[in-house]
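Please have the model open beside you as you read.

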Amino acid sequence: MKIRKELFILASASLLVLLASCKGKEKAAPKGKNASPAEPEETVYAVNTFKAKAENLDAYLEFGGDVSSVSSIDVLPDTAGKLTRTLVSIGDYVHKDDIIAYIDASRPGMNFAANPVKAPVSGTISYFPFAIGTQVAPSMSIAKVSDTKDLQIKVNIPERFISRIQQGQSAAITFDSYPSEVFSAKVFEVSPILDSVSRTMEIKLKINPIDERVRVGMYARVRLVTESMNDVIVLPSNAIVTRDGKNYLFVISDKKSESGKSTVDMVNVKVGITVDNVVEISEGISAGAEVVVKGQGLLNQGDVVNVLSVVNADK
């Protein structure tokens, strides 16, 4: 009897719990027959964009070179002997037949008057390495006389780049002495042969117009233009998104979301040359397109975006 009474009490308690649960569910249920479930919230991606414009883009190669004189004449003594006196220094201007040094050809038991060494042409002394007391010979160049108004820049091009070099190419030149200045130059001579040891080809450039600040012996940084593209669409290269082996850009669309926010179109594009993290877009978009350049990694066609800033926008 006692067991039955306990079972009855347990069953009654379970029934009360079940009824309370059902009553709670009824209270939570929406009122009315036309009530609909809550709609999911709209996902919005924060992005930065870039306004595409038609610009010029130059592909280039960078090398180092030395400034030298186009015309440089060696000074050769007439006799062998000891250099006893020098009358000029590097940088001095001399006229033709000016005496620049004296050579003593005396030997034990034989005394001779000092033999003068004359400048073969007018110009500036650009090379004079020997000190007094040096033994010289007629076959030895003791100095160079150069025309410092007619200068050139010699550059050695590695073999792998020679197919991109040709006479008449333009170049931008900079010097450490004038870091904020850019000088224009053109290739006027291309060597027909390569050095068999270094596997390099020598080219020569002339600065145009002539600038008196450029001097023989200066080190030049040469940016040689190998390809020029005019009026092409250029963008930061990080704007490109590659998916399934194809290149895409996300462009702000004319279509708006239901809430009135901006959306994006996923556009397949064809890219051209890339220079200094800037890429040419040869097909796919036109000038004026607003392209996502930051935050595009997670985007897909039609996604809703919030544009935080626009780079290169019209003012």
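**The largest pocket and its surroundings**

1. By class, 6 nonpolar, 3 polar and 4 charged residues make up the lining of the largest pocket. In this count Ala, Val, Leu, Ile, Met, Phe, Trp, Tyr, Cys and Pro are nonpolar, Asp, Glu, Lys and Arg are charged, and the others, Gly among them, are polar. Please keep in mind that this is a predicted model, where local features need pLDDT of at least 70 and side-chain atom pairs count only at pLDDT 80 or more, while totals for chains, interfaces and linings use all residues. Residues are numbered from 1 along each chain as its sequence is written, and side-chain values use heavy atoms, with hydrogens and water left out.

2. The volume of the largest pocket is about 210 Å³. Of the 13 residues lining the largest pocket, Asp58, Ala171, Ala172, Arg223 and Val225 are the closest to its centre. A pocket here is an open set of points on a 1 Å grid over the protein atoms alone, where a 1.4 Å probe fits and protein lies on both sides within 12 Å along at least five of seven lines; lining residues have an atom within 4 Å of a point. The volume is the space filled by probe spheres set on the points, which are joined across faces, edges and corners.

3. Which strands each supply at least two residues of that lining? They are β2 (53–69), β12 (170–175), β13 (178–190) and β15 (219–236). Strands are DSSP runs (E, at least two residues), numbered from the N terminus.

4. Now for the aromatic rings: there are 3 aromatic pairs. Phe63 and Phe161 form an edge-to-face pair, at 5.9 Å centre to centre and 70° between the planes. This pair links distant parts of the chain, with Phe63 in strand β2 and Phe161 in the loop between β11 (151–158) and β12, 98 residues apart. Rings of Phe, Tyr and Trp (its six-membered ring) pair if their centres lie within 6.5 Å, and planes under 30 degrees apart count as stacked, over 60 as edge-to-face and the rest as tilted.

5. Are Phe63 and Phe161 buried or exposed? Phe63 counts as buried because its relative accessibility is 13%, and Phe161 is buried with a relative accessible area of 19%. Buried means under 20% relative accessible area and exposed over 50%, with partly exposed in between (1.4 Å probe, protein chains only).

6. The rings of Phe175 and Phe183 have centres 5.4 Å apart and planes at 70°, so this pair is edge-to-face. Phe175 is buried at 2% relative accessibility, and Phe183 is buried at 6%. Ring pairs join Phe175, Tyr178 and Phe183 into a cluster.

7. Thr49 is in strand β1 (residues 44–51) and counts as buried, at 0% relative accessibility. Beyond its neighbours within four places in sequence, the contacts of Thr49 (heavy atoms within 4.5 Å) include Ile252, Glu290 and Val307.

8. Ile252 also has a bridge partner in β18, namely Val264. Strand β17 (residues 246–256) and strand β18 (residues 262–268) pair in the antiparallel sense over 6 bridges; strands pair if DSSP finds at least two bridges between them. In their hairpin, which has 5 residues between the strands, Gly260 takes a positive phi near 90°.

9. Finally, an open sheet of 4 strands runs in the order β7-β6-β4-β9, with antiparallel pairing. β7 (115–118) and β9 (135–136) stand at the edges with a single partner strand each, so one side of each is left without a neighbour in the sheet.
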